[in-house]
Amino acid sequence: MSEPVVIVGAGQAGFETATSLRSKGYTGDITILGDEENVPYQRPPLSKAYLKGDSDPESVALRPRDYFASHRIDLHCSRRVTDIDRQMHEVELDDGSRVGYGHLVLATGTRNRALPVPGAGLPGVQYLRTLSEAQTLAATLPSCTSIVVIGGGFIGLEVAAAARTRGVTTTIVESLDRPMARAVSETVSKFFVDEHARHEVQWRLNTSVTEIVEKNGRAGGVRIATGEVIDADIIVVGIGVMPNTELAERAGLAVDNGIVVDLHLLTEDPAISAIGDCASYPNTAGTGRLRLESIQNAVDHARCVANRLVGNDLPYQSVPWFWTEQYASKLQMAGLVTGYDNTVVRGSLEEGAFSVFCFAGDRLLGVESVNRTRDHMAARKLLAAGKSLSRDECADPAVDLKALASA
Amino acid sequence: MPSLTYVHPDGTKQSVEVPAGKRIMQAAIGAGIDGIVAECGGQAMCATCHVYIDSAWADRLPPVSDEEDEMLDDTVCERTAESRLSCQIPVTDDLDGLIVHLPETQV
């Protein structure tokens, strides 16, 4: 087909859809409508290298501005899509103008979950999702002496590591009993609790922030449920994100913690796909639906849709992978460990180089590797091939997992 | 400023002046050169910035780390003795004139 493709959202998923279509020889019009002012950029470095002062806005751009024109990708920044007219196959923009589509790709991403406590609107309470938020944080960190991070997820922990690298006194407040609890095993949570403690991060687990304390018209600290007040120059809130589903909902499309799509990433309207962080899709490795927030998910979704649009329609079936870097520890995850009930550790926690194999019964769900890329890559291949491993094979360092994966 | 030349599989060449310190991958992305995807942004997670660099330059390049070595086993185009991940190589003045061969595909 060569009907116009319109992509709502200029994040990694939206960008990858456009660039994949062109690289696969798609000749029709491609339009990207994004509501941020920047050309599409990478988000992963914003909570890593960017905060350590190793980055600049240009270095996180996915491509330079002139790339889009030279590849006939019509990129519109700072434009918000307000409605979808499914009968007319048009989207309406915030200035009332309309853009027609043959196929519409919703890559609307997420927005920050707002901290619901008194004082949350004070200056000095910051979030970290966009380049502009990263610029604000990177500009304030060097002059700050103490920081409180609310939320022990990937973003919160990466911010804490960056702050400690700059010598800033750092406290993490997490409402659950362990960090990254949604995504990793207890063994990995515990390792990173210790790793941050070794870097003098103060932990406040199992408690939540009840109030942002004001000092001279700004945030000066937080009060937690125990009554303790922790002073800080900056409060960074990293308590998760919510999918941007309103546009789809207004258009009458089904939403269930994300825009509902089938295994081909199509909504119930055959002219509309949804991909990346905003899409809720069938979980082929388990039950129910999945909505993942990751580069791998965004990029592989985009390629799946681009393939379909050039006539190569295959169901989505990629193995999820993720990574995070905190201090000298690089955590690489393959598969999803939710629902695991037993684990095997390979390598050495003491030496900071190990993998945790997470099983439900005797079925391998996922593998978490810290500074063990070899295990991670073997795990990706094993999971993609639908191969499991025995507990003995995982535990025995003499067993070559990579050879098993390639067998 | 060092000059790098990227050679596409069809033989077309694109030369770019690159400030020292940038990675070979970043230089290609910054110049909008097709043929390098770099979906993970240079974190050695994806093997989609695979390039071939003539062995004559080998002693001027940083050694292949264990991490890069593992990722290179997962490239879409065949790994050869000249394979590198371009995100792992910072451009230095020593690399002025470097020829970087791009593979047929990265994904």
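A: First, a term we'll need: a salt bridge is a side-chain nitrogen of Lys or Arg within 4 Å of a carboxyl oxygen of Asp or Glu. Keep in mind that this is a predicted model.

Q: Okay, how far apart are the closest N and O atoms of B:Arg79 and B:Asp73?
A: They are 2.8 Å apart, and the two residues form a salt bridge.

Q: Is B:Arg79 buried, exposed or partly exposed?
A: B:Arg79 is partly exposed, with a relative accessible area of 31%. B:Asp73 is partly exposed too, at 36%.

Q: What network of salt bridges are they linked in?
A: Its members are A:Arg374, A:Asp400, A:Lys402, B:Asp69, B:Glu70, B:Asp73 and B:Arg79. Among its pairs, B:Glu70 and A:Lys402 meet at 2.9 Å, N to O. That pair crosses between chains, from helix H2 of chain B to helix H11 of chain A. B:Glu70 is buried at 8% relative accessible area, and A:Lys402 is buried at 16%.

Q: How many salt bridges are there over all chains?
A: A search of the whole structure finds 31.

Q: Which strands pair with S16(A)?
A: Strand S9 of chain A pairs with S16(A) in the parallel sense over three bridges, with A:Gln126 partnering A:Val236. Strand S10 of chain A also pairs with S16(A) in the parallel sense, over four bridges, and there A:Ile150 stands opposite A:Val237.

Technical notes:
Residues are numbered from 1 along each chain as its sequence is written. Chains are lettered from A and ligands numbered from 1 in the order in which they are written. This is a predicted model: local features need pLDDT of at least 70, side-chain atom pairs count only at pLDDT 80 or more; totals for chains, interfaces and linings use all residues. Side-chain values use heavy atoms; hydrogens and water are left out. Two strands pair if DSSP finds at least two bridges between them. Helices (H or I, at least four residues) and strands (E, at least two) are DSSP runs, numbered from the N terminus. Buried means under 20% relative accessible area, exposed over 50%, partly exposed in between (1.4 Å probe, protein chains only).
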